Amino acid sequence: MQKVTFKIRRFDGEKSWVQEYQFPYQPGKTILWALSYIKESIDPTLTFTASCRHAVCGACAVRVNGQAVLACETLLDKMLDRWETDTLLIEPLQNFKVIRDLVVDWETKVERLARVKPWLIPRDEFSKETGCRQTPEEFKKINKNSDCILCGCCASECNKLSNNDSDFLEPFIFSKAQKFIADSRDKDPLSRISTAINNGAWKCMHCQECVTKCPKGLSPADDISFIRQFAIANGIRNNPGTRHAKSFLDDIQKTGRLNEALMFIKTEGLLGSLGSIPVALRLVRKGKLRLKHVLAKPIKEIEQVRTIIKVITKDKK
Ligand code: SF4
Ligand code: SF4
Ligand code: FES
């Protein structure tokens, strides 16, 4: 291969277009090297951000063929091999407002991050003299999420955010919340839990995009599960998410199958379900919802299922 082509989605504040650039192939280079080459040798108006060049600052995240990556640590060869091509589409992160070309606006994200109070609120027994001490075991529970570099890759690929960001926070915000909720030195985990629950912790779609895209190996989806479990354990249960989870578990325990019709009513309540009656009637007409689904009998392996649930729930206690 002599040349590589980048199709770069550009934006000048008013209009957006895709511009093609060709540059000589060199082995062992990164996406960021290629962007810098284009800026220095072909088009000085191309705009992007980068700073540390060592996967530390999080500034260089872009989408390559629809996948968010850090440009400074992503090898051009790897992308060309993966897509079996000599042409890559480079775009700004999704689910962010674009300022110019590949530069996105973090201001709203930082404002949203502040909702979960991402700072330590020390318990009353701590003072300047004693400091905020914790054991190595307690530290281990919160250490992982300190690695977040706020690159935005998880938020870019989050399917729930793409669908509707008005009732859901960015995955990294849930991870930040988890870090302080689990911190033994903090005195206000419950207010962060309430904020997380009221801002979509039960609306995560479990697509795992945030997990597979995080360049630091973090797992916002697991942090969301942690937040849900912490909320239930602390009595924050009066919400559709908790009711849905309970109904799910009850069904599996009872029959080994999900009773989706009743689950909806148990989750949303009778009043909340009224608006869905036309959909239910359509499902009945199409034969997708039958009485036998509502009055389902236990499957023949039900005792094995119940034993599995007993073992899992015992581990959680
Ligand atoms: S698992 Fe949840 S938080 Fe993570 S990307 Fe999917 S919808 Fe978003
Ligand atoms: S959780 Fe991972 S992907 Fe998301 S902002 Fe932090 S480092 Fe980036
Ligand atoms: S330039 Fe800092 S993470 Fe890529």
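**Close-up views of a predicted model**

**View 1. The largest pocket and the residues around it.** The largest pocket has a volume of about 1,100 Å³, in a structure that is a predicted model. Its lining is made up of 22 residues, and those closest to the pocket centre are W202, Q229, I232, A245 and L249. Three elements, α10, α11 (240-255) and α15, each give two or more residues to this lining, and the greatest contribution comes from α11, with 9 residues. By residue class, the lining of the largest pocket divides into 9 nonpolar, 7 polar and 6 charged residues.

**View 2. The protein as a whole, for orientation.** The protein contains 15 helices and 7 strands, and its C-alpha trace spans about 70 × 70 × 40 Å along the principal axes. Of the 317 residues in the protein, 39% are buried.

**View 3. The largest cavity.** Rolling a probe the size of a water molecule over the atoms shows where empty space is left. In this structure there are 2 cavities of 30 Å³ or more, and the largest of them has a volume of about 100 Å³. The lining of the largest cavity consists of 13 residues, with C148, C154, F172, C214 and L218 lying nearest its centre. When the lining residues of the largest cavity are sorted by class, 10 are nonpolar, 2 are polar and 1 is charged.

**View 4. The second largest cavity.** The second largest cavity holds about 80 Å³ of space. It is lined by 13 residues, of which C158, C204, M205, C207 and C210 are the closest to its centre. The elements that give two or more residues to the lining of this second largest cavity are α6 (159-163) and α10 (220-233). The lining of the second largest cavity comprises 9 nonpolar residues, 3 polar residues and 1 charged residue.

**View 5. The crossing of α8 and α10.** Two packed helices are described by the angle between their axes and the distance between the axes. For helix α8 (residues 189-198) and α10, the axes come within 10 Å and cross at roughly 115 degrees, and the crossing of α8 and α10 is left-handed. On the side of α8 the contact is made by P189, L190, I193, A196 and I197, and on the side of α10 by I227, F230 and A231. The residues of this contact between α8 and α10 divide into 8 nonpolar, no polar and no charged.

View 6. S219 lies in the loop between α9 (209-213) and α10. With a relative accessible area of 9%, S219 is buried, because this value falls under the 20% limit. Leaving aside residues up to four places away in sequence, S219 touches K144 and V211.

View 7. Although A55 is not a glycine, it has a positive phi of about 60 degrees, and its place is in the loop between α1 (31-41) and β3 (61-64). A55 counts as buried because its relative accessibility is 8%, against a limit of under 20% for that class. N95, which is not a glycine either, has a positive phi of about 65 degrees, and N95 is found in the loop between β5 (87-91) and β6 (98-100). At 21% relative accessibility N95 counts as partly exposed, a class that runs between the 20% limit for buried residues and the 50% limit for exposed ones.

View 8. E301 has its place in the loop between α14 (291-294) and α15 (302-316). The relative accessible area of E301 is 34%, so this residue is partly exposed. The C-alpha atoms of E301 and G256 are separated by 8.0 Å, while the two residues are 45 residues apart along the chain.

Conventions. Residues numbered from 1 in each chain as written. Chains lettered and ligands numbered in written order. Predicted model: local features only at pLDDT ≥ 70, side-chain atom pairs only at ≥ 80, totals over all residues. Heavy atoms only, no water. 1 Å grid on protein atoms, 1.4 Å probe; cavity = no way out; pocket = protein on both sides within 12 Å on 5 of 7 lines; lining within 4 Å. Points joined across faces, edges and corners; volume = space filled by probe spheres on them. Nonpolar A, V, L, I, M, F, W, Y, C, P; charged D, E, K, R; others polar. Helix = DSSP H or I, 4+ residues; strand = E, 2+ residues; numbered from the N terminus. Axes fitted to C-alpha atoms, helices over the stretch in contact; angles between N-to-C directions. Left-handed = near helix turned anticlockwise from the far one by under 90°. Contact = heavy atoms within 4.5 Å. Buried < 20%, exposed > 50% of the residue type's maximum accessible area, 1.4 Å probe, protein only.
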